[in-house]
Amino acid sequence: MKRFVLGLLAATVLTVPAFAQDIKPAIIYDLGGKFDKSFNESAFNGAEKFKAESGIEYRDFEIQNDAQREQALRKFAEDGNNPIVMAGFSWAATLEKVSADFPETNFAIIDMVVDKPNVRSVVYKEQEGSYVVGVLAAMASASKKVGFVGGMDIPLIRRFGCGYVGGAKAAGATDVIQNMTGDTPAAWNDPTKGGEIAKSQIDQGADVVYAAAGGTGVGVLQAAADAGKLGIGVDSNQNGLQPGKILTSMVKRVDVAVYNAFTDAKNGNFTPGINDLGLKEGGVDYAMDDNNKDLVTADMKAAAEKAKADIIAGTIKVHDYMSDNACPY
């Protein structure tokens, strides 16, 4: 009997590594910081969920400027952190270089593709979720003029805008006023300028304004609420920032990407390659909660759900701005 128990224990010890790994997870945020109420904070929430469920601590770091990128990533890799998640497309060039020097380390990047054997690239079909909130915006609008405030003027953010225009016009909007905050990374963290742009769009007749601008969007949502208009949040569920004044939020499940990367590594299931997440995969959606339930009518919700179903089924094909750098709507 003693020999049997010892044999069973030995077998158990031998099989554990196949199911669970000793890991030292880490996450590095993009400019704007982990409490930006948007993209970075969603990433932080995914790491926190993993820690709460697994009991495993993680390291994190908030860069203050682009010059810190390589130093921070290389330091984490040298310290044996694994996996390391980077939140944001701006990490791509640094990851290309550093990942090659640490082939045994697993990396994950959100919002960009880095084709390396030890890198998981998580990208999203932002245009699909933006189309759906565009439908809601047009149906909620009295003027049939709606607005879009982007952060940094890059193809990724134009993809949000293009999908939004498509959904809004399909649901009866006559005009979609679009502005970007800037063409440098500072555009992600300028709520004052975001508020000024939103006020300008409202002055032009927009009564629903969608912000896809990171921390800058907080100013957009504030300005819309102050003017008695409706805002639409992005990335995280931002409905609670201005309860009763935010129509919905186009949630982009950055938290899921972080949680999955950490969990897969813990379970020995981390895989490189591209993960492309849209409505079908639960990567994007629109947010409903107690803060906005009185703003979205039954007809509006039915229209949003129909748009979702049609996009998933392929009946509605939402244009991907990045495919040819043009928006047809």
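# Close-up views of a predicted model

**Asp235 is buried, with a relative accessible area of 7%.** Buried means under 20% relative accessible area, exposed over 50%, and partly exposed in between (1.4 Å probe, protein chains only). Asp235 sits in strand 9 (residues 230-235). Helices (H or I, at least four residues) and strands (E, at least two) are DSSP runs, numbered from the N terminus. The phi of Asp235 is near 70°, a positive value in a residue other than glycine. Most residues other than glycine have a negative phi.

**Notes for every view.** This is a predicted model, in which local features need pLDDT of at least 70 and side-chain atom pairs count only at pLDDT 80 or more, while totals for chains, interfaces and linings use all residues. Residues are numbered from 1 along each chain as its sequence is written, and side-chain values use heavy atoms, with hydrogens and water left out.

**Confidence along the chain, with residues 1-19 below 50 in pLDDT.** pLDDT is the predictor's confidence in each residue, from 0 to 100. The protein averages a pLDDT of 93. Of its residues, 94% score at least 70. Over residues 1-19 the pLDDT is below 50. Beyond near neighbours in sequence, this stretch has 4 contacts in the model. Contact means heavy atoms within 4.5 Å.

**Lys37, a second residue with positive phi.** Lys37 belongs to the loop between strand 1 (26-29) and helix 2 (39-54). Its phi is near 65°, and Lys37 is not a glycine. Lys37 is partly exposed, at a relative accessible area of 40%.

**The cis peptide bond from Asn82 to Pro83.** Omega is near 5° here. Pro83 is found in the loop between helix 3 (69-78) and strand 3 (84-87). Most peptide bonds are trans.

Two strands pair if DSSP finds at least two bridges between them. Strand 4 (residues 107-110) runs parallel to strand 5 (residues 119-124), joined by 4 bridges. Ile109 has Ser121 of strand 5 as its bridge partner.

Thr181 is buried, with a relative accessible area of 4%. Leaving aside neighbours within four places in sequence, Thr181 is in contact with several residues, including Val149, Gly151, Ala187, Lys193 and Ala213. Gly150 is also among them. The side chain of Thr181 reaches the backbone oxygen of Gly150 at 2.7 Å.

**The disulfide between Cys162 and Cys327.** A disulfide is a pair of cysteine sulfur atoms within 2.5 Å. By this rule the count is 1. The S to S distance is 2.1 Å. Cys162 lies in helix 6 (residues 155-170) and Cys327 in the segment after helix 11 (321-324), so the pair ties together parts that are 165 residues apart in sequence. The torsion about the S-S bond is about 90°, so the disulfide is right-handed. Cys162 is buried, with a relative accessible area of 1%. Cys327 is partly exposed, at 31%.

Technical notes: Polar contact = N/O pair within 3.5 Å; in protein donor to acceptor, adjacent residues only side chain to side chain.
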